[in-house]
Amino acid sequence: MSGILIALIGMAVFALGYRYYSKFIAEKIFRLDPNYVTPAHKYKDGVDFVPTNKFVLWGHHFSSIAGAAPILGPAIALYWGWLPALLWVVLGTVFAAGVHDFGTLVLSVRNKGQSVGTLAHRLVGQRAKILFLFIILILVLMVNAVFAWVVANLFISYPSSVLPVFIQIPLAVWIGYVVYKGKTKMLIPSLLALAVMYGVAIIASRVEFLQIDIVQYFGGEGAAGIFGLGAVSSAFFIWIIILMIYVYIASTLPVWKLLQPRDFINSHQLVLGLVILYIGLFLTNPQMTAPVTNSGADTPWLPLLFITIACGAISGFHGLVSSGTSAKQLNNETEARFVGYAGAVGEGILALLSIIAVGTFFATQSDFFATYGSFVDANEAGLGVFIEGASVLAGGLAIPPDIATTLVSIMVISFAATSLDTSVRLMRYIIGELGIEYKVPTLNKKHVATSIAVGTSAALVLLPEGPQGFGSGGYLLWPLFGTSNQLLAAISLMLIAVWLKRLGRNYIAVIIPMIFVMAMTLWAMFQQVIFEWSWFGTESNTLLFILGSIIFVFAIWIILTAVQVMTGKYDKPLDSDH
Amino acid sequence: MLDKVKKLIEFYEEVLSMPHRQEVARELRDEDDLFLLLLYSEMIGIPNPVYYYTLELYPYMIEKFHDWHLRMGMEKSPLTGIRCC
């Protein structure tokens with residue numbers, strides 16, 4: 001089947017979903033009111049509450065939620081064939097992610113622009129807020145570990161991308177400084193920075209001297225490294241330490257100094273990447289060589305598919321962006337449909353691209369099975385295949401393959417690194433908040449909280465060991481990331497359902513995706529915790545067993561709370577009730 | 001055509017600068033809050049030798065003060081000295 005056809009089918013369903021389903025939700029369920037005074041107007045302060053043009057707000061919302069996760073998930077899930085992945089991405093976006101992102105936005109707009117965490121407290125009670133904080137804590141911890149692993153591995157596999165990625169740091173600091181001093185607008189400096197970065201990337205792809213390859217410095221793959229480890233494991237260890245030092249600094253600096261200017265450069269990469277790869281797709285017209293479904297899979301797709309693809313089908317993280325930030329800037333309530341629902345569609349389009357890039361990369365189906373031989377192989381190879389596949393698509397615009405590979409790897413690394421430093425910062429805030437909650441004020445200190453965040457993340461990424469020994473086990477955390485993300489989404493959907501029930505509206509459209517996501521997550525966790533990670537499981541692993549069990553208990557807790565809520569135990573008055 | 005491209009660039013610039021403008025505004029507001037605290041520290045019991053003079057600014061800051069206490073989560077003015085609402 002042609003890759004173009006898949007893209008067109010996906011886009012058509014997204015378009016129909018937006019045109020009809022989101023309209024139905026907006027009019028019949030949320031009953032958006034064009035005359036409602038949004039928090040952006042009511043509490044207008046020029047800082048947090050600013051009425052913003054809907055296209056501008058969508059652009060910002062989309063660039064905040066898009067990252068490496070919607071690329072990595074589908075790239076792994078293609079193991080079960082492209083059809084299951086495509087169906088889950090397309091239908092998940094239309095019926096689950098769209099409703100979730102749109103719903104959290106409306107819920108927050110109707111409640112002073114408060115975040116879902118605060119709303120959990122008000123709608124369900126103190127216990128729900130703590131539950132919420134712990135799940136976000138686990139989620140950001142997983143994000144830190146998984147993306148640190150991803151970045152370190154990509155640095156080892158694509159040494160030509162190291163220098164361009166590191167050059168981004170001084171460039172970002174320079175942009176931050178120039179713009180903060182008010183000397184210029186940020187478009188020109190950030191485009192200049194991108195040009196410098198890509199210039200360095202092109203040179204580094206061709207000049208071996210500029211490729212920072214730690215494995216080669218040790219004397220190649222078979223050579224011995226430090227602490228009695230092999231060269232590859234040592235390189236991995238060194239990269240993790242460097243990354244952790246970097247995120248420590250990045251997450252304690254004021255955001256305008258490093259984080260935001262990096263985001264500007266990365267927004268260009270996102271736009272440029274999407275445009276180039278979709279144009280490349282239409283010029284090269286590649287055929288899907290991955291199987292439609294994989295009947296000989298060693299791991300069943302049900303329920304694992306639904307946690308392997310988290311972002312791109314439904315993601316709890318989006319609710320944090322919708323409710324914390326975007327809700328405070330919404331100009332008119334009716335625009336929530338565009339910002340929230342179309343934001344989720346944007347993420348779906350990114351996931352669709354990942355499916356096509358991976359699905360069309362292999363020359364034949366047997367080549368596909370040579371790489372995607374088992375689920376473990378798929379986990380390890382997924383992202384690398386996306387990079388290779390995307391560079392073939394970029395080749396349609398006559399970009400030489402070695403340069404295209406470097407550019408795509410830089411794009412993926414930049415996304416992963418941004419997710420990494422944002423989530424370390426988020427983790428720092430949550431540790432501080434838990435410190436206040438449990439009366440341990442020391443935890444609220446910047447360096448104490450950051451040290452705990454960085455220390456636990458480093459431990460988590462270094463501990464699990466895969467088949468290739470030290471440093472190869474980071475992918476084992478991917479299902480845990482997916483699960484905690486889905487749990488967060490489930491709680492947010494529950495909050496929307498509680499709110500709708502209280503208003504006497506029909507909440508079926510919210511409760512169905514919630515039950516579905518919850519059931520799949522529970523099932524997948526139960527299966528993995530008991531049959532794989534426990535001491536009598538196939539791949540006994542104490543660390544994963546403990547983490548998985550904690551998530552499992554949280555999931556049960558959410559279900560109990562949801563049942564209590566739905567049977568009407570909690571009935572506190574809310575602003576939106578009036 | 002040129003107009004449309006210009007509009008597109010302006011739109012793009014606005015998307016990019018939105019979070020940045022917000023951060024700069026926040027930092028300025030924090031500085032303002034500190035400044036106000038210095039000016040009217042007397043009202044919360046911290047002695048201020050130039051209070052007599054800073055009080056002259058009182059009429060100019062009533063509106064700002066109202067925004068401030070709302071922002072700090074207080075529906076009504078917390079200070080009996082400043083009666084704004």
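**Close-up views of chain A**

**View 1. An exposed residue, Asn285(A), in a predicted model**. Asn285(A) has 12 C-beta neighbours inside 10 Å and therefore counts as exposed, since a residue is placed in that class if 12 or fewer other C-beta atoms lie within 10 Å of its own. The residue sits in the loop that joins helix H12 (259-284) to H13 of chain A. Although Asn285(A) is not a glycine, its phi is positive, near 45°.

**View 2. Ala398(A), a residue with positive phi**. The phi of Ala398(A) is about 60°, and this residue, too, is not a glycine. Ala398(A) belongs to the loop between helix H17 (375-394) and helix H18 (401-437) of chain A. Because Ala398(A) has 9 C-beta neighbours inside 10 Å, it counts as exposed.

**View 3. The cis peptide bond from Leu302(A) to Pro303(A)**. Omega of this bond is near 5°. Pro303(A) lies within helix H13, which covers residues 301-308 of chain A.

**View 4. The setting of these residues: chain A as a whole.** Chain A contains 22 helices and zero strands. Its radius of gyration is 23 Å, close to the 25 Å that the globule rule gives for 578 residues, so chain A is as compact as a globular protein of that length. The C-alpha trace spans about 70 × 65 × 55 Å along its principal axes. Of the 578 residues in chain A, 57% are buried. Among contacts with a separation of 6 or more, 81% are between residues 24 or more positions apart.

Technical notes
Residues are numbered from 1 along each chain as its sequence is written. Chains are lettered from A and ligands numbered from 1 in the order in which they are written. This is a predicted model: local features need pLDDT of at least 70, side-chain atom pairs count only at pLDDT 80 or more; totals for chains, interfaces and linings use all residues. Helices (H or I, at least four residues) and strands (E, at least two) are DSSP runs, numbered from the N terminus. The radius of gyration is taken over C-alpha atoms; the globule rule is 2.2 Å times the number of residues to the power 0.38. A residue is buried if 20 or more other C-beta atoms lie within 10 Å of its own, exposed if 12 or fewer, and partly exposed in between; C-beta atoms are placed from the backbone. Two residues are in contact if their C-beta atoms, placed from the backbone, lie within 7 Å.
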